[in-house]
Amino acid sequence: MMSQQGYVATPPYSQSQPGIGLSPPHYGHYGDPSHAASPPGMMKPAGPLGAATPGMMLPPGPAPPGSHQFGQNGAQASSHPSQRFPGPSPVNNVASSYAPYQPSPQSSYPSPVSTSSVTQLGNQLGAMQINSYGSSMAPSSQGPPGPPSAAAFQGPPRPPQPSILQPGSQVLPPPPTTLNGPGASSAPPTAQYQPPPLPGQTLGPGFPPQQANYGPQMAGAQLSYPGGFPGGPAQMAGPPQPQKKLDPDSIPSPIQVIENDRAIRGGQVYATNTRGQVPPLVTTDCVIQDQGNASPRYIRCTTYCFPCTSDMAKQAQIPLAAVIKPFATVPPNETPLYLVNHGETGPVRCNRCKAYMCPFMQFIEGGRRYQCGFCNCVNDVPPFYFQHLDHIGRRLDHYEKPELSLGSYEYVATLDYCRKNKPPNPPAFIFMIDVSYSNIKNGLVKLICEELKTVLEKLPKEEHEETSAIRVGFITYNKVLHFFNVKSNLAQPQMMVVTDVGEVFVPLLDGFLVNYQESQAVIHNLLDQIPEMFADSNENETVFAPVIQAGMEALKAADCPGKLFIFHSSLPTAEAPGKLKNRDDKKLVNTDKEKILFQPQTNVYDSLAKDCVAHGCSVTLFLFPSQYVDVASLGLVPQLTGGTLYKYNNFQMHLDSQQFLNDLRNDIEKKIGFDAIMRVRTSTGFRATDFFGGIFMNNTTDVEMAAIDCDKAVTVEFKHDDKLGEDSGALIQCAVLYTTISGQRRLRIHNLGLNCSSQLADLYKSCETDALINFFAKSAFKAVLHQPLKVIREILVNQTAHMLACYRKNCASPSAASQLILPDSMKVFPVYMNCLLKNCVLLSRPEISTDERAYQRQLVMTMGVADSQLFFYPQLLPIHTLDVKSTELPAAVRCSESRLSEEGIFLLANGLNMFLWLGVSSPPELIQGIFNVPSFAHINADTTLLPEVGSPYSQQLKMIMNIIQQKKPYSMKLMIVKQREQPEMVFRQFLVEDKGLYGGPSYVDFLCCVHKEICQLLN
Amino acid sequence: MATYLEFIQQNEERDGVRFSWNVWPSSRLEATRMVVPLACLLTPLKERPDLPPVQYEPVLCSRPTCKAVLNPLCQVDYRAKLWACNFCFQRNQFPPAYTGISEVNQPAELMPQFSTIEYVVQRGPQTPLIFLYVVDTCLEEDDLQALKESLQMSLSLLPPDALVGLITFGRMVQVHELSCEGISKSYVFRGTKDLTAKQIQDMLGLTKSAMPMQQPRPAQAQEHSFISSRFLQPIHKIDMTLTDLLGELQRDPWPVTQGKRPLRSTGVALSIAVGLLEGTFPNTGARIMLFTGGPPTQGPGMVVGDELKVPIRSWHDIEKDNARFMKKATKHYEILANRTAANGHCIDIYACALDQTGLLEMKCCTNLTGGHMVMGDSFNTSLFKQTFQRIFSKDFNGDFRMAFGATLEVKTSRELKIAGVIGPCVSLNVKGPCVSENELGVAGTSQWKICGLDPTTTLGIYFEVVNQHNAPIPQGGRGAIQFVTQYQHSSTQRRIRVTTIARNWADAQSQLRHIEAAFDQEAAAVLMARLGVFRAESEEGPDVLRWLDRQLIRLCQKFGQYNKEDPSSFRLSDSFSLYPQFMFHLRRSPFLQVFNNSPDESSYYRHHFARQDLTQSLIMIQPILYSYSFQGPPEPVLLDSSSILADRILLMDTFFQIVIYLGETIAQWRKAGYQDMPEYENFKHLLQAPLDDAQEILQARFPMPRYINTEHGGSQARFLLSKVNPSQTHNNLFAWGQETGAPILTDDVSLQVFMDHLKKLAVSSAC
């Protein structure tokens, strides 16, 4: 109990059976309590644990492990009285930074106790959990006696930090032993569940005492299954009555994990002053304060503690990756990025590795030189930048310069950073509308033209500017292209038809890209005319590559970066480059050739994307397909140019226009940077080796992006090329050179320091499952292009098993083979992994539309951690239990059919779709309140909008939907699903803990399967 | 018949024909000894106010290889209703409509005064005339403005039902759709990419497949009108639209950096214009009118690169083989010209710029299609404006003086064959028994296509006498030639004009005097000049001059009267007396001399020389000089430096220039302002007289000549000084020692020296 939750499940495999008898001892884990209790002599010296737990004295809000440094860092943070940035006040710093950190050591145990039903129900399990933290401690504590190891923990953080200043705070770390006391004292409650120590010690490889503690609890659990379970999952939970099935409540619940984190860290201030600290989950709302490391809104890592050696990394097989969202939106209550302007000299950079000045640079020799934290090169400080150091070796202007004290900031780039050494022009938006027959007929063209009239008023602009600097242009096309001259002094727009689609070009220069405000009259005239102009057109062939080419050429001619908004609906079959044929061959599914379906049909789009990126032309594509349009080909350019792909299947004006218009508005107004190059620098010993996202790479280091907006993330994988030092840690600097919406060239720098450890346990302790899944999803979806899906699925399962087996082998205390032991930080990794495996991209099923698979594949490639988390594990909210007075979201329930009830109404959202599921016996007053109809039978499910009722239920529901929708990159279309009606099938696919509609195991089955794998590995 | 001069004049007035020889040597051998070939200048559409066309079809000889038209020279058996073809001697039945004919009731085509007759025939649908404007927008602002005004003005001059189209070009080429409301629409083409006719038609949506046809049958007709309506519209419908469109026409918006020429896609623009008409209106009368203000600088047909530091090719470059774009560009325009000709359309080029515009390369466009070529300094000059206006002048009937899509067929009697034609035409490659193997000009055919022609368009047609020496022609035998010109009248009627002429044969040995007397030295000079100019297009200048000289010497040897080796005894009869002088001036003319002329100018001059009628051609060869003085009425004077006198006003007409030159004294008087004094009103009149006369010439001339008003010592006086015979030069001035005339600073030989040499060579037995 004491420890962070490690979960143990005992699947019903036969081999585990024999273990039953033996198992009890195995279960025993020592957690903190174990240390405290049984081998007191041993435990007390095990300083680190103690050191970790001191927080107990403080409000027992648990936090993830790895907090040992916090104390010191907190000290550091609090020692910033002179900090100039209006972010956190020093006082707050102290408070806030401490508050979360200190509890963290014990985080695990308070949480189960206090909150979760999980723990209540399966408290034995809880007890059995391997505390990853504890377990990790164990080895270390064993080897060297306590004090040294404690020193080891405290040691590393120390040097950089001026802890001297903070004697008060320093007080905390020293008394680990005393802290252990409280830890021990808190243990009793859990201990109560585990009555007698069992004799399993014999089996315990080296930790008899601890096992003794826990054995008993396990035994209880184990007892239940002798009842026999042929193949079904064993249930852990029910000591009282034996069940045939493993109780779903007994297996780790994502909801529980999310809620726990929320409860502990939600609403608090999270300061980034400590290297290697694990941030709150993406699902947790908190205020982030930049104190020297980039906010987790910008960078999240799969683990915040890197293994010291590549051997270790190989052993654990935990991917080392960062998910970087350089333009992430920060909420209004967090400080926006500071802009540093060094004038003509430009940013200060390391001479050798070219890293930018950042908090990782160490000033020496009285401030005349500095040592680069990345390559260790010693550089002269440029004269203009010189500043004396204070008594602790820190520059006097430390708090006056964002680049010295913050994790994220921006530089004004000099002409050296501009194309052709010329300041860039403000970007342009070009709207390119497919005016072929079907789009005219279904009213789409008219809709777009109408909408543009209003949405163009909201072009993004710098805050201090009156109007947007972005210029706009218009093109319509079917199998030829029509450019429009909308120069402000024209009485009427001019249309220029380019029919040479084989070698498209820009027919006009002046008057194509215009300032919207100046040319408003002509533009409105044009937008009014476009639908009529093509009203009689019965052209139903379209081109596509030439359209992009045209937009790109136009931007090239205007010498500015920009974004193309293409509204397209059909397979481009007209004779032109990039012509596509229908190649949707379901026979390829589940064969080695299935990958072809994900590859573009022709390499035209690849080279086109390359050109686009080279000219800062980003392509955003709105697709309105009514049949196969080959998303794999059409979507390639949007993907590689940092654009977004939106897809509206069988677009119907009355159902889909709202979703589309929201997407369009949102996309136009988005924060965005153009013509960007990202470079990820690392400290010595490791480097970025692979990049995933809406990017284009001409070489192995420069990540080129025609544009990058606030929703796009790049996942970067790191590999060792040498040993990493625990002292120096692993530093990452991500620099993005880009052009702002007003045409300024800027550098955005994000710095993040990670820990390094030679202990596998540290590594496991610092993992972030959401980021891991993000990485696995992207790497798997990338591999889809080259490898058979079957192989990819196997790799994923194997790696999952391997990671967990490694943990089991090296970090967990010995236990019966039949036990599934999960590290605390990865408790829900299996369920998420199962969701990933069940995603339609990886499912080889002919029933699923090829386009949909290609579409989702592409979406995931640019997702940030929050988006991927929601995408793979949807949010399912009970609506029928709403408290109409609350402004909070109701607590989510797990995505399983068993959580639904006939009397209930549930809202499900995954970032793309939203469903309102109505049980057949939904309360009539709710139905009345929401739909304004008397009964379930009267509900019209054929709508995507809820009626305006005005009742509290209705308002509350709409508010919830708004909250869910907020800041999501895609507008979610609402589907009303009535229980036991046909559309429910669609809805069911999103109940991801259940067996998949198109196959794919349930969560429980998958867990068993993984466990089996692990067992095999361990054998 | 009084004199040959009158005979010649009559024939010219009636038939529009001038033969070099009006009595024909009866054998091949003798004909070749005549030096000047048997040839004629034919003005197929010579205005004949007295010749109303007949409204029926011509009667043709039934022999398939002959098909000559019934004419006054045919033998007719009125009783048997038979006629004998005078070319192949086939006996033909008259068609049923002619049953009523008799000696007293003859159809017009049998009457001798109708040796030239015009038939109006009803064939096929009548399509309106088409005018496609192809406008360069890389012009200076005021130039463009002036051009726009001229174009707008021209809209009011067009036939109301004419179809018009507009293509503009600069860096890109825009084909404007003229039927749009609310938005102006154009199709844009890259100026650097050569497109096939098919591609152009596809891209403009002119191909049938582009239109999904629901009902194939009825749609056909509609579709055609739909297609044409997009780019070519009846002027009365889109008058306003087009006026506005022209009004809004902007200069090419693409930036032109310092030291660069604007990128001008003339080659592609023309190609698209040709392709557009080819796809929509093949074989109907259409004019493509290209207005350009500079050389093509990109794409197919480019003549010079856009770097200003590299000047456009000069004759020097061409001689040094240093004109890198010339061959390719010429080829491009030749292909276009041939396609245009095949479609029966014509291309006009209006090139106004101070520098060259690439006429050298583009000349075939006009030369092969019968289009106009106009060269000026700027569109903002009266030269251009009035010339352009004159395109749309009307004749006595109120019809436009233009005809389209003509084919000229020449039939000869057996003793003759056709050697070729020199003029604005292309061969139709129709071989036949009367086609000679001896080629002169556009040869190897008996039919030519002249896509655009006007009443003055004149062709030089060359024949070969093929009768063998030992097959004498019976006494009184006549040779006959029939010219059949089918064309589309500007009223859109199809018409056929038939001219049948006959001349006597003479045995050169016994009747040389007859032949000699019937020599038309003016026609011969022009015909020889055409041959010379035609050769000059493909040969080196000196070779052509040598050839001309040799011909002249041979002619003088043949027809001069002299004692061997005694130059002073040399005499030429009246009918030859002026011929050497024509040749002298021809040698100095810009048609053969490229010195001091740009390649464009040479092309321009040659273009006009190859299509003007005899009178104009003679003026071009030997300009006319009039003298005005108090001594008497204005009089023509010798084109000689001795005519330049202080108290004279001279008016020189070189066809391309009208020069008024005030003698030294006159200029001083004028400067002193005598003309404003009432008591010197006569001086005012004297000053006015040449101006009035010049105006008269200006009124009639197409293209408008450059009008130069200068005086003694004026810089523009060079136009006069370069033309007159340099009888007095700085070399011989003192020898003359007189004050008459003006010395010319030149090393050119004078006419006197030329004649001396000629006489010497003619009487010499060496050659």
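The pLDDT is the predictor's confidence in each residue, on a scale from 0 to 100, and in this predicted model chain A averages a pLDDT of 79, with 76% of its residues scoring at least 70. Over residues 1-244 of chain A the pLDDT is below 50, although this stretch has 509 contacts in the model beyond near neighbours in sequence. For chain B the average is 89, and 95% of the residues score at least 70. Within chain B, the confidence is lowest in helix α5 (residues 216-231), where the mean is 50, and highest in β3(B), at 96. The pLDDT stays under 50 over residues 209-227 of chain B, a stretch for which the model has 14 contacts beyond four places in sequence. For the complex, the predictor gives an ipTM of 0.84 and a pTM of 0.81.

The interface of the two chains was examined next. In the model, 19 residues of chain B are in contact with 24 residues of chain A, and the two chains bury about 2000 Å² between them, 55% of it on carbon and sulfur atoms. On the side of chain B, the residues that lose the most area to chain A are Ile183(B), Val188(B) and Arg190(B), which together account for 30% of what that side buries. The count of salt bridges between chain B and chain A is 3; in one such salt bridge, the side chains of Lys193(B) and Asp500(A) meet at 3.0 Å, taken from N to O. Across this interface, 10 residue pairs are found in polar contact, with both residues at pLDDT 80 or more. In terms of secondary structure, β10 (172-177) and β11 (184-190) of chain B each supply at least two residues of the side that touches chain A, and β11(B) gives the most to that side, with 7 residues.

Within chain B, 4 strands form an open sheet in the order β1-β3-β20-β17, with antiparallel pairing. The edge strands of this sheet are β1 (17-19) and β17 (416-422) of chain B, each of which pairs on one side only, and neighbouring strands are turned by 25° against each other on average, direction ignored. Helix α1 (residues 4-15) of chain B lies across β1 and β3 (39-42) of that chain, and its direction is at about 145° to β1(B).

An open sheet of 4 strands is likewise formed in chain A, in the order β28-β29-β30-β31, and here the pairing is mixed. Its edge strands, each pairing on one side only, are β28 (875-878) and β31 (973-978) of chain A, while neighbouring strands of the sheet are turned by 20° against each other on average, direction ignored. Helix α34 (residues 952-965) of chain A lies across β28, β29, β30 (913-918) and β31 of chain A, running at about 20° to β29(A).

Two features of the backbone geometry were also noted. Most residues other than glycine have a negative phi, and most peptide bonds are trans. In chain B, however, a cis peptide bond joins Phe702(B) and Pro703(B), with omega at about -5°, and Pro703(B) is found in the loop between α19 (681-700) and β29 (706-711) of chain B. In chain A, Glu365(A), a residue other than glycine, has a positive phi near 50°; Glu365(A) lies in the loop between β8 (362-364) and β9 (369-371) of chain A.

Terms used
Residues numbered from 1 in each chain as written. Chains lettered and ligands numbered in written order. Heavy atoms only, no water. Pairing = 2+ DSSP bridges. Axes fitted to C-alpha atoms, helices over the stretch in contact; angles between N-to-C directions. Contact = heavy atoms within 4.5 Å. Buried area = accessible area lost by both parts, 1.4 Å probe. Salt bridge = Lys/Arg side-chain N within 4 Å of Asp/Glu carboxyl O. Polar contact = N/O pair within 3.5 Å; in protein donor to acceptor, adjacent residues only side chain to side chain.
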